[in-house]
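Student: I have a new model open and want a quick tour. Can we start with the ligand?

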Amino acid sequence: MVTVRAPATSANLGSGFDVFGIALDRPNDYITVEPAEQTTIEVTGVGSRYIPEDPEKNTVGAVAKALDAPAHIHIDKGVRPASGLGSSAASAAGAAVALNELYDLGYSRSDLIPIAAEGEALVSGEAHEDNVAPALLGGFTIAGGDDLGTTHVNTSLPIVVCLPEIVVSTKDARNVVPETAELTDTVTTIRHAATLVAGMFQNDPILVGKGMHDPVVTPARADLIDGFDVVSVAAQEAGATGVTVSGAGPSVIATCYPGRQRDVASAMVEAFDQQSIDCRAYQTRIGHGVEVLD
Ligand code: HSE
């Protein structure tokens, strides 16, 4: 039997649509695998009633099939589905590591990225590596695809993610993304993305926060999150260095000055509350990838 802790992740970080991702210290999924003749799946925890246990329909079932590693798999969800916090990626990455360990398959963490991404695609419809890469490797990742591979750096910046009780499907969130962008907006995005990368390598929350600005994708998606602008201003006044939509939303992510997470979390919750929207804030950090517990 093998148990792993699989982290929530935040993709895009504004300027890095479908490319950037970070692992978060919390929340987490816990996944336990035991050898079996055929794969069976049991799901408990946050939002488990929305997750199919049929291996043909579950992201983790697809991973077990791809690895030819049948097992009884128990997923204890801490990362709510449809949160913008990489819920299916956490389960896919966690199962990939756990099964690799259980059957001593010898894959590296990088080898497991495309396998976990295909598993995630079963749920999201498209294979993106910007959640599974940080879930597997930890830290900050740049998903470079087949030609560039994945670039990775370990860092540990303070983060707050605030998950409002709003439903935003990934499909809707992708449908609002503009198909084209003005050259000036593209230049602005590249400028900020490059600044964000420099900030990650220097562990600098100010460069990372400023680098999250993006004039193309985020404004379109922010319209799907009631109160986003008010929450963003409140977070920055309370000590956030930058605020953007986490993944496809509805979570909102803020990078913070050291020691300011509590203030930022309170300000975000209060701002959502003023719009009569319930939410939950996580005070967290950029953290590790999947960890094998026993
Ligand atoms: N990069 C993806 C998106 C993450 O923003 O749509 C969610 O799969």
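This is a predicted model: local features need pLDDT of at least 70, side-chain atom pairs count only at pLDDT 80 or more; totals for chains, interfaces and linings use all residues.

Student: What does the side chain of Asp18 do with the ligand?

Tutor: An N or O atom of the Asp18 side chain is 2.5 Å from a nitrogen atom of the ligand. An N or O atom in the Arg221 side chain is 2.7 Å from an oxygen atom of the ligand.

Student: How much of the ligand does the protein bury?

Tutor: The protein buries 95% of the 260 Å² that the ligand exposes when taken alone.

Student: Which residues surround the ligand?

Tutor: Asn12, Phe17, Asp18, His128, Asp130, Asn131, Arg174, Arg221, Gly247 and Ala248. By type, two are nonpolar, four are polar and four are charged.

Student: Which domains do they come from?

Tutor: Domain 1 (2-153) and domain 2 (158-285) each supply at least three residues of that shell.

Student: New topic. How many residues are in the largest nonpolar core?

Tutor: The largest nonpolar core has 57 residues. Leu13, Ile22, Val33, Ile73, Leu99, Phe140 and Met200 touch the most other members. Helix α2 (residues 87-102) gives the largest share of this core, 10 residues.

Student: Where does this core lie relative to the two domains?

Tutor: Between them, because domain 1 (2-153) and domain 2 (158-285) both give residues to this core. As a general point, nonpolar side chains in soluble globular proteins tend to be buried together.

Student: You listed Leu13 as a core member. What is the phi of Leu13?

Tutor: Leu13 has a positive phi, near 50°, and is not a glycine. Leu13 sits in the loop between β1 (2-11) and β2.

Student: Buried or exposed, that Leu13?

Tutor: Leu13 has a relative accessible area of 2%, so Leu13 counts as buried. Now take Ala82, which also has a positive phi, near 55°. Ala82 is in the loop between β4 (71-77) and α2. With a relative accessible area of 51%, Ala82 is exposed.

Student: And Ser83, buried or exposed?

Tutor: Ser83 is at 1% relative accessibility, so Ser83 is buried. Ser83 is in the loop between β4 and α2.

Student: Let's switch to helix α1. What caps the N-terminal end of α1?

Tutor: Asn58 does. A side-chain oxygen of Asn58 lies 2.7 Å from the backbone nitrogen of Val60. Helix α1 covers residues 59-66, and its buried residues include Thr59, Val60, Gly61, Val63 and Ala64.

Student: What comes just after α1?

Tutor: Asp68, with a positive phi of about 50°.

Key:
Residues are numbered from 1 along each chain as its sequence is written. Side-chain values use heavy atoms; hydrogens and water are left out. A residue is near a molecule or strand if one of its heavy atoms lies within 4 Å of it. A polar contact is a pair of N or O atoms within 3.5 Å; within protein, one must be able to donate a hydrogen and the other to accept it, and residues adjacent in sequence count only if both atoms are side-chain atoms. Accessible areas come from the Shrake-Rupley method with a 1.4 Å probe; for residues, only the protein chains shown count as cover. Ala, Val, Leu, Ile, Met, Phe, Trp, Tyr, Cys and Pro count as nonpolar, Asp, Glu, Lys and Arg as charged, and the others, Gly among them, as polar. Domain bounds come from an automatic or database domain assignment. A nonpolar core is a set of buried Ala, Val, Leu, Ile, Met, Phe, Trp, Tyr and Cys residues joined through side-chain atoms within 4.5 Å. Buried means under 20% relative accessible area, exposed over 50%, partly exposed in between (1.4 Å probe, protein chains only). Helices (H or I, at least four residues) and strands (E, at least two) are DSSP runs, numbered from the N terminus.
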